[in-house]
Protein chains: 2
Amino acid sequence: MPHFSRVRVNIILFNPDEFPTPAPNRASLTLPRADPRAAHIIDVLRRKPGDTFDAGLVDGPRGKATLAAISPDDASLALTFLWGAPPPPLPPLTLIIGLPRPQTARKILNEATALGVSEMHFIATERGEPSYAQSTLWTTGEYRRHLIAGAAQAFCTRLPRITFSNTLTATIAALATGQPGAHRIALDNYESPAPLGGHLKHISRAPIILALGSERGWTSTERDQLRAAHFAFAHLGPRVLRTETAATAAITLSLAHLGLV
Amino acid sequence: MPHFSRVRVNIILFNPDEFPTPAPNRASLTLPRADPRAAHIIDVLRRKPGDTFDAGLVDGPRGKATLAAISPDDASLALTFLWGAPPPPLPPLTLIIGLPRPQTARKILNEATALGVSEMHFIATERGEPSYAQSTLWTTGEYRRHLIAGAAQAFCTRLPRITFSNTLTATIAALATGQPGAHRIALDNYESPAPLGGHLKHISRAPIILALGSERGWTSTERDQLRAAHFAFAHLGPRVLRTETAATAAITLSLAHLGLV
């Protein structure tokens with residue numbers, strides 16, 4: 001799986017650990033020609049020596065980069081980071097998601113990051129498939145590549161915070177302490193009195209915690225836990241949506257409620 | 001490209017021309033083992049002889065099917081269609097979309113159909129890539145497969161109406177006559193006074209026509225045409241979204257405005 005898809009991303013992101021600490025205003029960096037970013041800069045963005053492109057430091061400033069030289073083995077870059085104003089914060093939206101099949105999780109990681117969320121907590125659910133947690137997506141750290149691709153698409157340097165080995169109980173307990181004033185909403189196609197869009201019309205503008213079950217939905221035990229933690233239930237209409245479509249739809253409605261889209 | 005992806009669809013759709021006219025209440029049908037639907041029923045849904053699954057007739061009734069027998073060459077089905085109440089109408093939402101690259105168009109065809117739209121008009125735009133119109137997606141009728149896959153995902157038999165060889169001028173003229181009372185909104189990240197979610201808060205609940213430009217946006221000539229045809233402009237926030245993400249987001253907000261999600 002490439003670091004970046006063939007889709008043109010809008011900013012090339014670098015990790016702070018690729019530079020001396022503290023990261024400098026100006027730096028040079030040599031990428032192996034096989035580094036997916038080098039391939040993207042040369043083959044997709046079609047930059048030639050002397051050309052510039054937008055660059056950024058993960059969770060740090062944006063900047064500009066110049067492709068200084070290309071050799072058969074590597075690409076040399078000259079970077080300038082615009083330290084100063086910190087990057088804008090991510091939208092105050094937290095997702096709780098029943099661990100989906102890895103290919104679905106990849107799409108959600110990318111797309112939710114592009115749309116803009118602060119936190120994503122992937123949890124084991126009673127009706128979920130336990131083996132999904134053993135995917136190389138999670139065990140090798142591959143998930144971070146999809147966050148970076150989503151942030152690069154959105155022209156953003158900030159990545160959401162991710163957890164993927166906590167229970168629903170632990171996750172809602174941590175959020176009860178960490179985000180006491182947030183609206184809590186669980187998507188549920190079976191026991192919801194109203195569509196999510198209608199529900200959001202009647203609540204104040206405040207941070208949102210949104211819980212999506214696994215493909216096969218919540219159990220009654222999980223519904224009880226969510227209710228006890230003050231989650232309201234909402235649905236996305238009678239049409240059956242893929243998990244990643246439901247996630248994008250629910251994130252979009254939440255961002256609209258926050259005045260952002 | 002398979003007829004269905006490996007994603008489990010919720011209803012298997014059949015074309016009316018696979019049956020005698022008028023289509024009967026009960027019918028038997030033999031699918032070659034290589035038909036993607038036979039593969040899906042046997043390999044993804046894991047049905048065995050005697051097992052049933054949900055079936056439907058495109059733009060017609062839902063029903064049930066039984067996998068009667070499997071041979072090395074084919075799969076025999078027994079179908080019952082529930083003629084009676086016509087399937088519910090699609091949401092009163094029409095898309096106009098600058099022809100995107102074929103891989104993006106495939107995603108939009110599938111996802112917009114799953115979410116629920118009545119019409120999709122793919123148009124050549126001034127900043128679009130003319131060669132996209134020559135893709136086999138359009139020239140071979142492949143686009144219909146993606147509509148069927150989206151409808152099957154949504155447990156719906158109705159397909160949206162598609163055009164892909166009209167100009168912006170012709171499309172907005174036809175819609176001016178055909179849908180005189182619809183709200184007209186064009187997405188534009190550069191010249192929009194408000195986000196789409198905010199714009200929708202201030203308008204009545206009525207059918208919506210939503211125009212999305214090509215990846216590189218509208219020209220000033222196209223903006224003038226849209227303004228003259230009473231399109232309001234709205235944006236989706238400062239984050240740069242892929243065309244297919246923007247389409248899903250805008251469709252979702254429109255469906256929420258219609259009270260559907």
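R46(A) lies in the loop that joins helix 1 (36-44) to strand 3 (52-57) of chain A; helices (H or I, at least four residues) and strands (E, at least two) are DSSP runs, numbered from the N terminus. The model is predicted: local features need pLDDT of at least 70, side-chain atom pairs count only at pLDDT 80 or more, and totals for chains, interfaces and linings use all residues. Residues are numbered from 1 along each chain as its sequence is written, with chains lettered from A and ligands numbered from 1 in the order in which they are written.

Although R46(A) is not a glycine, its phi is positive, at about 55 degrees. R46(A) is exposed because 9 other C-beta atoms lie within 10 Å. A residue is buried if 20 or more other C-beta atoms lie within 10 Å of its own, exposed if 12 or fewer, and partly exposed in between, with C-beta atoms placed from the backbone. H230(A), also not a glycine, has a positive phi of about 70 degrees. H230(A) sits in the loop between helix 7 (220-228) and strand 11 (232-234) of chain A, and it counts as exposed with 12 C-beta neighbours inside 10 Å.

## Overall form of chain A

Chain A contains eight helices and 11 strands. Its C-alpha atoms fill a box of roughly 60 × 40 × 35 Å along the principal axes.

Of the 261 residues of chain A, 44% count as buried. Among contacts between residues at least 6 apart in sequence, 78% join residues at least 24 apart. Two residues are in contact if their C-beta atoms, placed from the backbone, lie within 7 Å.

## A buried strand residue

I209(A) belongs to strand 10 (residues 208-212) of chain A. I209(A) counts as buried because it has 26 C-beta neighbours inside 10 Å. Leaving out residues up to four places away in sequence, I209(A) touches T94(A), I96(A), L175(A), Q179(A), A182(A), H183(A) and R184(A).

## Helices 2 and 8 of chain A

Helix 2 (residues 102-115) and helix 8 (residues 243-257) of chain A pack with their axes 9 Å apart, at an angle of about 15 degrees. Axes are lines fitted to C-alpha atoms, for helices over the stretch in contact, and angles run from 0 to 180 degrees between N-to-C directions. Helix 2 of chain A is therefore roughly parallel to helix 8 of chain A; angles under 35 degrees count as roughly parallel, over 145 as roughly antiparallel, 65 to 115 as roughly perpendicular and the rest as oblique.

The crossing of these two helices is right-handed, a crossing being left-handed if the near helix is turned anticlockwise from the far one by less than a right angle, and right-handed if clockwise. Helix 2 of chain A contributes T104(A), K107(A), I108(A), E111(A), A112(A) and L115(A), and helix 8 of chain A contributes T243(A), E244(A), A247(A), T248(A), I251(A), T252(A) and L255(A). By class, this contact has six nonpolar, four polar and three charged residues. Ala, Val, Leu, Ile, Met, Phe, Trp, Tyr, Cys and Pro count as nonpolar, Asp, Glu, Lys and Arg as charged, and the others, Gly among them, as polar.

## Helix 4 of chain B

In helix 4 (residues 143-153) of chain B, nine of the 11 residues are buried, among them Y143(B), H146(B) and L147(B). The cover over the buried residues includes strand 1 (12-14), helix 2, helix 3 (136-139) and strand 8 (161-167) of chain B. F155(B), with a positive phi near 60 degrees, follows helix 4 of chain B.

The axes of helix 2 and helix 4 of chain B come within 7 Å and cross at roughly 35 degrees, and the crossing is right-handed.

## The interface between the chains

The contact takes 29 residues from chain B and 29 residues from chain A. On the side of chain B that touches chain A, helix 2 (102-115), helix 6 (196-201) and helix 8 (243-257) of chain B each supply at least two residues. Helix 8 of chain B gives the largest share, six residues. That side of chain B divides into 16 nonpolar, 10 polar and three charged residues.
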